[in-house]
Amino acid sequence: MCSSDLVSLGYDDGNPDNLDQAMPDLDAAGFRGTFYLHLERGDVRARTADWRAAHARGHEIGNHTWYHNARTDLYGVRHGWVTKPLEEYTQADMTAEINRAGDWLDEHIGRDPDRSFTYPCGHLTLGVPPSRAAYAAAVATRDRKSTRLNSSHLVISYAVFCLK
């Protein structure tokens, strides 16, 4: 760990500006960030080579599930990106989705024993009634595949870099 001041920067969803604007700025300053990819999006997967190169330069490419689904009962509306509301998920559903994303990241971006996880939309529960334990257990199952998913940070899990 660094002996100087720490700052944590993370970027969710793999938006194009992450690669085109944020990452060049971080690189120019000698900083690294964590980028959590919404892997169902074709525009994210279309830039696999760019994400792989970012990982090779020291940026973390984190697990953010495959579908990036959310609870619709919290919004009162079902947003267009939600393919299945989290209230309809079981622990097994989320375990499979997290593993699918993790396997893709390992295969296409590169293995990272310290890869972390962040919950899409900050939603920490599955099913009805809402179960925080079911989501946490789904996240923890990835540990069995030697990838650290950092559920201890709950909503936000970002890479840390040192300030000089």
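Analyst: The model shown is predicted, and its structure holds five aromatic pairs. One of them is formed by Phe 35 and Trp 51.

User: Why is the pair of Phe 35 and Trp 51 called tilted?

Analyst: The ring centres of Phe 35 and Trp 51 are 5.9 Å apart, and rings pair if their centres lie within 6.5 Å. The planes of the two rings are 55 degrees apart. Planes under 30 degrees apart would count as stacked and those over 60 as edge-to-face, so the remaining label, tilted, applies.

User: What makes this pair a tie between parts of the chain?

Analyst: Phe 35 belongs to strand β2 (residues 34–37), whereas Trp 51 belongs to helix α3 (residues 48–56), so the pair ties together parts that are 16 residues apart in sequence. Both residues are buried. Together with Tyr 11, Phe 35 and Trp 51 form one aromatic cluster.

User: Why is the pair of Phe 117 and Tyr 119 given the name edge-to-face?

Analyst: The planes of Phe 117 and Tyr 119 stand at 85 degrees to each other.

User: How do you know whether Tyr 119 is buried or exposed?

Analyst: Tyr 119 has a relative accessible area of 3%. Buried means under 20%, so Tyr 119 is buried. Phe 117 also counts as buried, because its relative accessibility is 0%.

User: What makes the approach of Arg 115 to Asp 106 a polar contact?

Analyst: The side chains of Arg 115 and Asp 106 make this contact at 2.8 Å. Arg 115 lies in the loop between α5 (91–108) and α6 (132–140), and counts as buried because its relative accessibility is 0%.

User: How is the packing of α5 and α6 described?

Analyst: Two packed helices are described by the angle between their axes and the distance between the axes. The axes of α5 and α6 come within 8 Å and cross at roughly 35 degrees. The crossing is right-handed. Among the residues that meet are Met 94 and Ile 98 in α5, with Tyr 135 and Val 139 among those in α6.

How values were computed: Residues are numbered from 1 along each chain as its sequence is written. This is a predicted model: local features need pLDDT of at least 70, side-chain atom pairs count only at pLDDT 80 or more; totals for chains, interfaces and linings use all residues. Side-chain values use heavy atoms; hydrogens and water are left out. Helices (H or I, at least four residues) and strands (E, at least two) are DSSP runs, numbered from the N terminus. Buried means under 20% relative accessible area, exposed over 50%, partly exposed in between (1.4 Å probe, protein chains only). A polar contact is a pair of N or O atoms within 3.5 Å; within protein, one must be able to donate a hydrogen and the other to accept it, and residues adjacent in sequence count only if both atoms are side-chain atoms. Rings of Phe, Tyr and Trp (its six-membered ring) pair if their centres lie within 6.5 Å; planes under 30 degrees apart count as stacked, over 60 as edge-to-face and the rest as tilted. Axes are lines fitted to C-alpha atoms, for helices over the stretch in contact, and angles run from 0 to 180 degrees between N-to-C directions. A crossing is left-handed if the near helix is turned anticlockwise from the far one by less than a right angle, and right-handed if clockwise. Contact means heavy atoms within 4.5 Å.
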